[in-house]
Amino acid sequence: MAKTSRPRIPKPFRIPRPMGSQSDATRLGWLRPDVLSIVAGALLAAVTPFERFDYLARGLTASALADDAPSTQVLLVTAAPDALRDGLCARSLPGLLERGRARGALLVPPADAFCGDGAAAAVPVARMPPELLRLSAGEVVGFASPAGDARAADLGALGVTAAPWVLKKAPQSVPAVSLSALAEGQVPATTLEGRVAVIGVGSGGVAPQEVATSALPPAKGVAAVLGGLLDGGRRASAPTWVASAFVLLAGGFVWLARRRYGSVVATTAVFLASFALALGQSLLAARAEASLLPLPSTLFGLAVAFAGVMITRGLGVQRAVGRAAELLQRAALFRMQGVHALPDEEFWPRMARLAQQAHPADLVLIAELPPGSFHLRFWNDRANGESLVAERRHDVRRPPYSSEQGVPAIRVARRFLTRQDMPAVVVPLIAFGEIEGYVFFCGAVAESTFAREPERAENVGRELALLLRRKRLARTAEQGGGLPAAGEAKGSHEPADHLVEGARVALDDLQVFGSMLRSAPVGLLYADAFGDVRFVAPEFARWLRAREVAVPPESASAALPPGSLTLGDVLGATATDSAAVSLSSVMASDGGIELSVAAPEPAVLSLRPLRRESDGSSWIAGYVAALIPVKPAASPSANVRPLAARDATDPLCAFQLADLVTDAVASAARATGRAVRLEPIRGATHALGHRGELAQALEGFLTDVASRGLPGHGPVVSVREASQGVQLSILDVGFGLGLPESALQRVLTAPGAAPAGLEPLGRLILAVEDSHGHAELRTNDGWGITLTVTLLRAHPRVATAVQESGKPAAPQQNVIAIGRASPK
């Protein structure tokens, strides 16, 4: 199977994989206050801090689930106080139990004092000790263990065993008769068959159907509990882990609801969890023995978990809001990127100032074209500009805003202003085929500049149009999303809307600063999209003051307010050292410009635009400048060997770079067997240099790059005429170099000591420098490296030398004959 290798991306452009590594903070991310509060609630539910209330809740649960089915194991026998005093119980009870073949009798105080101990009875008769009764809220809910009682055996025979909680019988479901009715034969004795007779005190003289309710406590409670116990109603506490597991699950549910849907849904989730706890307790208690939960402790643990989730989340939100408010307060002075949030009274004058910096003019007017309209609204940098315009129709479909055919184009308009003698250069601001507005450069200086450099007005108009389009689209999206538009009253919307909008603007500012830090070599000055300097370092401020540029003293190392210092002022400070440079040249250059300054110290001023891209469009979001000191060249040391003399066979001469490159490309293709692409050559490409050395070094470099690159992705070579000279560009799309940018920059700095694998590149750079040219490397966003070589342009002289014989002499080496010489 053939192996394929992936292109190696230079290290500065490699992006780490999102899940490639995991820090300790990420591994311990679950140790957060809200998660710890859920765990704490589960532990509290396990230790049951409210044990007394838990006991009461279990008793109430057992009482609420009383069984309504008639009991077949217990019979409640009530005796009136008069009958007990007459000794009716002591005389008739043993015989009744024997004749009725009862299971036994349980004497409940105070009836046990009148019925005897039952020693002569043939069936077990036992007294119910009060200390064996387990009470909850004044009602009997179960029995304690009778192991320590003297009559434990008799009680056990009657079914009285240790049962903390019992699902008792309802009072009306326990059969009840009076002792007098049994003794007088009104009720047959067979009613006692197989049952435990619970003897208690009751009211006399009541109807038979009311005998059960007439029994005095605790007789009817003992009968109900004993009936439930004999029918399988024994209940006990659930394991402690059940309550803890419930709190963990419910707390996790509340945490998830709070995180995804907010506080209202989380509160609803708590109520649902509490309802589920009550419903689950009822269902479990009706079917399982060990099923009674500690409800108060469980609810308390759930409350702790809920409070922890809500409070910690609320504190986190409050802290985030506080930090965001602090960030917005600190960024209020900057407000760099949110151009769409500026009110019109501030936005349009700043646009006019920006246009005046980029194009010379005595007066600059800028006109807004509202959406869905054909009529302009004028502004300038001082006030509304309507009064300065003599043409009142303002219809963009008519001259001078459009041509006679209705096509918008840059043109010079006469008698457009109230001052009839002042011409105006009309520049339509068109972005993606849509007119966003117009800018008017007024005055004779604007007209002369347009006649001399028409592309300057075009470049300025394009950048202004993209800025206006950015403002219009952002304003439309903002209004569609329900956020306040610029100029609206702040009280008409919620504070959260303003906070969200401010946070988005702050994020845009941070992105712009990130671009600045990545693009600037030193990063000492930043100006916003309007050309207003917003940040200047102390060193840059000292240099500006030395050049007699006014810089606010209180903002030498902080943000500057808009309008206090402009890029035009910074560029004007360099006019004494080099030719005057305007902001339009900076707008037109993608890589920026570099200016040499001599005072107070030699330095290089680098200025470049910061561009942002979105939805297929690109616009200038700001400018960054760097002041780079230039160190004077040091005298050569004693251990430095001078360069060897140039071979006389390869002198400095004029030649066609196109022919040299064509031969080198063909030789490299034959040597490697791989394609080396040569773009169409533009221009005459007459260069000055050492032809032999350049040809040898170029052929070796192309052969090395083509042999190490990916198959089918050889280098791409192009030759063209440029303003700086004759340029040779070699794009390595196959990553034949395969080294990070730091190693490539080292070759540029010291080509004679190139790292291993880059010796051909070093030899080519040495050959270029020997020919008085220069080379530079540029990475193309991690997908290829471009080597650009610039050589001096040669201007061949056309001349004809005549020998003594009258024949034309042979042309010199640096002379190229054009056409055919006419005979004399």
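Is Cys-442 buried or exposed? Cys-442 is buried, because its relative accessible area is 0%. Keep in mind that this is a predicted model.

Now Cys-653. That residue has a relative accessibility of 11%. Buried means under 20%, so Cys-653 counts as buried too.

Next, the disulfide. How many does the structure hold? The count is 1. A quick reminder: a disulfide is a covalent bond between the sulfur atoms of two cysteines. Here the partners are Cys-89 and Cys-115, with 1.8 Å from S to S.

Where do these partners sit? Cys-89 is in helix α5, residues 88-99. Cys-115 is in helix α6, residues 112-115. So the pair ties together parts that are 26 residues apart in sequence.

What about handedness? The torsion about the S-S bond of Cys-89 and Cys-115 is about 110°, so this disulfide is right-handed. Both Cys-89 and Cys-115 are buried.

Last stop, the surface. Which residues make the nonpolar patch? They are Val-39, Leu-43 and Leu-248. The patch covers about 260 Å².

Take Leu-43 from that patch. Leu-43 belongs to helix α2, which runs over residues 33-47. Its relative accessible area is 55%. The cut-off for exposed is over 50%, so Leu-43 is exposed.

To recap: Cys-442 is buried, Cys-89 and Cys-115 form a disulfide, and Leu-43 is part of a nonpolar surface patch. Over to you for questions.

Key: Residues are numbered from 1 along each chain as its sequence is written. This is a predicted model: local features need pLDDT of at least 70, side-chain atom pairs count only at pLDDT 80 or more; totals for chains, interfaces and linings use all residues. Side-chain values use heavy atoms; hydrogens and water are left out. Patches are made of residues with over 30% relative accessible area and no salt bridge: like charges are joined within 9 Å, nonpolar side chains (Val, Leu, Ile, Met, Phe, Trp, Tyr) within 5 Å. Accessible areas come from the Shrake-Rupley method with a 1.4 Å probe; for residues, only the protein chains shown count as cover. A salt bridge is a side-chain nitrogen of Lys or Arg within 4 Å of a carboxyl oxygen of Asp or Glu. Helices (H or I, at least four residues) and strands (E, at least two) are DSSP runs, numbered from the N terminus. Buried means under 20% relative accessible area, exposed over 50%, partly exposed in between (1.4 Å probe, protein chains only). A disulfide is a pair of cysteine sulfur atoms within 2.5 Å.
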